[in-house]
Amino acid sequence: MSNVTFFISIISFFMSLNVYIKNKISARFKVGIKHEQNMVDDEESSSLFIKISFINHSSKPLTILDVKILNENKKPFDDHATYKYGVEVGCSIPINLQVKHSFLNEPVKEYKYRSKTFPETIPPYQNTSNYYGFYFECQDAHLNSKSNTLFFLVQTTEGTLYYEAHPGSFFYELNKQTNQYELHPFKFFGKKDCLKSPLFNYSDKIQKRKNNSDSRNNKSKK
């Protein structure tokens, strides 16, 4: 009888180990990112609206804390702005705006969307697709909407990574999921793709926005 009990215990152990390993694998960080070819520039609101899609390929919820747009050299844009929204050039705009195109004397075109803000949490095995606004003054939004290469610095609860975007070109790439060449397919990232040391801190950014807002409020009282 003791041998039977021992045998059952061994089977139970390996079954539990198998379940543990499966759960561990399914909980691994894996996110898919893609952007829509058409970026909407709005000179009036100093905004560049980009429709970005995220897929959470994990059994754990994933939060996209923030996204910042960098130039083709993975560097921040020259910052000589007026901090209209309390953020630096290329940063996500912290308020919801009407998505529309306005540039010089061109007719204003309004879309049926309003931009969303970060952070955004994606449930396990779910996806989201929304317009997000990014701060660019004067004609910079228009110029960057036609750029050959931009980089998104994406900060998540699992790590920070670079996503390469090509808004100004029809850039066909191999979709490793389908093994077909597609226009701006989803790119998937895991822990190995994350930066070892994040380039910006989300909590610091929130504090900077608050300080800028307080400064503007104090000036208006004088």
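**Salt bridges**

I searched the whole structure of this predicted model and found eight salt bridges, a salt bridge being a side-chain nitrogen of Lys or Arg within 4 Å of a carboxyl oxygen of Asp or Glu.

I looked at Lys-100 and Asp-42 to begin with; their closest N and O atoms are 2.8 Å apart. Lys-100 sits in strand β5 (residues 98-101) and Asp-42 in strand β2 (residues 40-42), so this pair ties together parts that are 58 residues apart in sequence. For my own reference, strands (E, at least two residues) and helices (H or I, at least four) are DSSP runs, numbered from the N terminus. Both Lys-100 and Asp-42 are buried; buried means under 20% relative accessible area, exposed means over 50%, and partly exposed is in between, with a 1.4 Å probe and protein chains only.

Next I took Glu-158 and Lys-60, whose side chains meet in a salt bridge at 3.3 Å, N to O. Glu-158 is in the loop between β9 (150-156) and β10 (159-165), and Lys-60 is in the loop between β3 (47-56) and β4 (62-70), so the pair ties together parts that are 98 residues apart in sequence. Glu-158 is buried because its relative accessible area is 19%, while Lys-60, with 37%, is partly exposed.

I then noted Glu-88 and Lys-68, with closest N and O atoms 3.4 Å apart. This pair links distant parts of the chain, 20 residues apart: Glu-88 is in the loop between β4 and β5, and Lys-68 is in strand β4. Glu-88 is partly exposed at 22% relative accessible area, and Lys-68 counts as buried at 12%.

Which residues do shared partners join into one network of salt bridges? I found Asp-42, Glu-44 and Lys-100.

**Back to Asp-42**

Leaving aside neighbours within four places in sequence, Asp-42 is in contact (heavy atoms within 4.5 Å) with Ser-47, Phe-49, Lys-100 and Ser-102.

**Nonpolar cores**

I looked for nonpolar cores, meaning sets of buried Ala, Val, Leu, Ile, Met, Phe, Trp, Tyr and Cys residues joined through side-chain atoms within 4.5 Å. The largest has 28 residues, and Ile-33, Phe-54, Phe-134, Phe-152 and Val-154 touch the most other members. Two or more residues come from each of β1 (30-35), β3, β4, β8 (127-135), β9 and β10. Apart from this core lies another, of eleven residues, including Phe-49, Val-87, Cys-91 and Tyr-131.

**Ser-129**

Ser-129 is in strand β8 and is partly exposed at 33% relative accessibility. I found Ser-129 and Ile-52 5.7 Å apart in space, C-alpha to C-alpha, although 77 residues separate them in sequence. The side chains of Ser-129 and Ser-53 make a polar contact at 2.8 Å.

Ser-46 is not a glycine, yet has a positive phi of about 55°; its place is the loop between β2 and β3. Lys-74, in the loop between β4 and β5, also has a positive phi, near 65°.

**Confidence and conventions**

The mean pLDDT (the predictor's confidence in each residue, from 0 to 100) is 82 for the chain, and 71% of residues reach 70 or more. Over residues 22-27 pLDDT stays under 50, and the model has seven contacts for them beyond four places in sequence.

Residues are numbered from 1 along each chain as its sequence is written, and side-chain values use heavy atoms, with hydrogens and water left out. In this predicted model, local features need pLDDT of at least 70 and side-chain atom pairs count only at pLDDT 80 or more, while totals for chains, interfaces and linings use all residues.

Methods. Polar contact = N/O pair within 3.5 Å; in protein donor to acceptor, adjacent residues only side chain to side chain.
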